[in-house]
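Subject: Handing over the model

Hi there,

As promised, here is the structure for you to look at.

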Amino acid sequence: MPTDMLIRRLLPLAAGALGALVPAASHGAGEDQGAHGVHIERQDWTFGGFGGQFEAAQLQRGFQIYKDVCVACHGLKRVYFRNLAQPGGPEFPEQAVKALAADWPNKVVDGPDDSGKMFERPAKLFDPILGPFRNDQEARAAQNGALPPDLSVIAKARNPDYTGPFWAHPFSMLRDVATGYQEGGANYIVVIAATPAYPGHVRQLIHAACTQEPLGAKWIIVVDGDVNPHDWEEVTWCLWSRAQPQRDLFTTSDREVGNYLDPSVDPARRGYTSKVGIDATTAFKGFDFPPLAEPSAALKERVLRRWPEYGLP
Ligand code: HEC
């Protein structure tokens, strides 16, 4: 362990013991924010909130992008071509929408015809706007197992306004995520640096990280936004000085998605795991943490100079 780090660990203790005798510099704004929460800026969109509305120009631009890009994978099947010409929608001219429907690359399956066969025909105003895949299985097969969701109601499902679903909220205060801590194995440890903004925020982040399969997290540690999650020395220091195991540590049930290669799992239960979440932040713990003590450069220099005299590592 670098000596510098040891000093940093020991000095707050010394500061506590000696009280006013040791000069202690407050760590500044970050610490205060951690303790009291921060304000999340509210986004102001015409379509946000209760009774929000889309403007025709916004919808026209959005549809243009959908048509040029997203339609390669996503459907819009709860929206009909006629909706594109209706009041309250993008309000394209009806003739233009008719032409668009007729040219739409994903044809409508209709029928049966007189001989009992199904057939494909160009779309009309009363048809839904179809994506490229006939069904979810075909979509997954083409996308390496992932299902591109139908985008008809995606703006409701992924609301940018904070009256929206609970899980949209915690990520807005996320600062950084460190994954891939390699010592001792694989990417099982995920460290999240965030500035908690309200009680329960840290738990939300941990639960969100649990369900993010690509992260592959088994141990999830949340630290304050002013801590560098990539610096393992800083993170373990937070575990020591900011987390109380009984209060700040919890485990999930053993039915989370795990890694098949994880040897700690009973072979009969491969693919499952339980997870650990640790709240190593200073926020919403019911009291204020003492200010962080940083030694002055002169003091640090003196301690470092005399360090070897005491045979310390
Ligand atoms: C090459 C195919 C492809 C294209 C092109 C594409 N997507 Fe996707 N999209 C996907 C797949 C696959 C998923 C599902 C990912 C998953 O489940 O891991 C997805 C997921 C999504 C999601 C859901 C994310 C979530 O929060 O669950 C949204 C929203 C989305 N896409 C919007 C768009 C938009 C808007 C465009 C056009 C600008 C677009 N996509 C273009 C394949 C595509």
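Before the rest, two words on the source. This is a predicted model: local features need pLDDT of at least 70, side-chain atom pairs count only at pLDDT 80 or more, and totals for chains, interfaces and linings use all residues. Residues are numbered from 1 along each chain as its sequence is written.

**The overall picture**

The protein chain has 10 helices and 11 strands; helices (H or I, at least four residues) and strands (E, at least two) are DSSP runs, numbered from the N terminus. Buried residues make up 18% of the 313 residues in the protein chain. A residue is called buried if 20 or more other C-beta atoms lie within 10 Å of its own, exposed if 12 or fewer, and partly exposed in between, with C-beta atoms placed from the backbone. Among contacts in the protein chain between residues at least 6 apart in sequence, 63% join residues at least 24 apart. Two residues are in contact if their C-beta atoms, placed from the backbone, lie within 7 Å.

**The strands**

Strands are said to pair if DSSP finds at least two bridges between them. β6 (189-194) and β7 (residues 219-224) pair in the parallel sense over six bridges, and A194 stands opposite D224 in β7. On to β11 (residues 276-280): β7 and β11 run parallel and are joined by five bridges, with V276 of β11 as the bridge partner of W219. Strand β8 (residues 249-251) also pairs with β11, in the antiparallel sense and over three bridges; here F250 has G277 as its bridge partner.

How much of this is covered? In β7, five of the six residues are buried. In β11, four of the five residues are buried, so this strand is largely enclosed by the rest of the structure.

**The cores and helix α8**

A nonpolar core here is a set of buried Ala, Val, Leu, Ile, Met, Phe, Trp, Tyr and Cys residues joined through C-beta atoms within 7 Å. The largest one has 22 residues, of which V191, I192, A209, I220, I221, V222 and V223 touch the most other members. β6, α7 (201-210), β7, α8 (232-242) and β11 each supply at least two residues of this core, and the largest share, six residues, comes from β6. A second, separate core of nine residues includes F63, L76, V97 and I129.

Helix α8 has V235, C238 and R242 as its buried residues. Seen down the axis of α8, these fall within an arc of 65 degrees, so they line one face of the helix; the arc is that of the directions from the helix axis to the C-beta atoms. The cover over the buried residues of α8 includes β6, β7 and β11.

**Around the ligand**

The ligand is surrounded by 13 residues, the closest being C70, C73, Q143, A146 and P148. A residue counts as near a molecule if its C-beta atom, placed from the backbone, lies within 6 Å of it. By class, this shell has 10 nonpolar, two polar and one charged residues. In that scheme Ala, Val, Leu, Ile, Met, Phe, Trp, Tyr, Cys and Pro count as nonpolar, Asp, Glu, Lys and Arg as charged, and the others, Gly among them, as polar.

**Some loop residues**

Most residues other than glycine have a negative phi, and most peptide bonds are trans. N144, in the loop between α5 (136-142) and α6 (154-157), has a positive phi, near 60 degrees. N144 is exposed, because 6 other C-beta atoms lie within 10 Å. F284 has a positive phi too, near 55 degrees, and lies in the loop between β11 and α10 (297-306). With 17 C-beta neighbours inside 10 Å, F284 counts as partly exposed.

N106 belongs to the loop between α4 (94-103) and β2 (108-110). Leaving out residues up to four places away in sequence, N106 touches L130, G131 and P132. N106 and G131 are 25 residues apart along the chain, and their C-alpha atoms are separated by 6.4 Å.

Best wishes
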